[in-house]
Amino acid sequence: MSEEKVRVGLHLTEEESENLKRYATDCGLSVSEFMRQLCRGNYPKPVPPKAFWELLNALYEVHNGFKECSKYEPSALEICKDIEEFIVDLQKKFTVGEAV
């Protein structure tokens, strides 16, 4: 498959053009990369807000606390596993683009 770039022209209304630029910016992508992602069957998600990353950091701290406790109470490792699964689910929901 050739990696040569092909220029594609597209006619949009002013409103559509502004929406496209805003969607791309919200996802932290250029308009070109946003469109490439769509063509690959991915629907990019907006960059999560700062509060999302703060929540993840707090969850990691709680996880680490339970991990320390597991030296004295091995059942704490089950809670660690639940927290890890929850973190992965959150990351998928808020950072991984969905297929269209």
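Helices (DSSP runs of H or I, at least four residues) and strands (runs of E, at least two) are numbered from the N terminus. The model is predicted, so local features need pLDDT of at least 70 and side-chain atom pairs count only at pLDDT 80 or more, while totals for chains, interfaces and linings use all residues. Residues are numbered from 1 along each chain as its sequence is written, and side-chain values use heavy atoms, with hydrogens and water left out.

Gln-37 belongs to helix 2 (residues 31-39). With a relative accessible area of 19%, Gln-37 is buried; the term buried stands for under 20% relative accessible area, exposed for over 50%, and partly exposed for values in between (1.4 Å probe, protein chains only). Apart from neighbours within four places in sequence, Gln-37 is in contact with Leu-29, Asn-42 and Pro-44, where contact means heavy atoms within 4.5 Å. Pro-44 is located in the loop between strand 1 (42-43) and helix 3. Pro-44 is also buried, at 9% relative accessibility. Pro-44 and Leu-29 are 15 residues apart along the chain, and their C-alpha atoms are separated by 8.8 Å.

Two packed helices are described by the angle between their axes and the distance between the axes. The axes of helix 3 (residues 50-69) and helix 4 (residues 76-95) come within 8 Å and cross at roughly 165 degrees. Helix 3 is therefore roughly antiparallel to helix 4. Here axes are lines fitted to C-alpha atoms, for helices over the stretch in contact, and angles run from 0 to 180 degrees between N-to-C directions. Angles over 145 degrees count as roughly antiparallel, under 35 as roughly parallel, 65 to 115 as roughly perpendicular and the rest as oblique.

The loop between helix 3 and helix 4 holds Ser-70. This residue, Ser-70, is buried at a relative accessible area of 15%. Residues up to four places away in sequence not being counted, Ser-70 touches Ala-76 and Leu-77.

A salt bridge is a side-chain nitrogen of Lys or Arg within 4 Å of a carboxyl oxygen of Asp or Glu, and by this rule the count comes to five. One of them joins Lys-50 to Glu-54, with the closest N and O atoms 3.8 Å apart. Because Lys-50 and Glu-54 are four residues apart in helix 3, about one helical turn separates them. Lys-50 is exposed at 65% relative accessibility, and Glu-54 is partly exposed at 44%. In the salt bridge of Arg-40 with Glu-33, the closest N and O atoms are 3.3 Å apart. Arg-40 is exposed, with a relative accessible area of 53%, while Glu-33 is partly exposed at 23%. Lys-71 forms a salt bridge with Glu-68, and there the closest N and O atoms are 2.8 Å apart. Salt bridges that share partners join Glu-33, Arg-36 and Arg-40 into one network.
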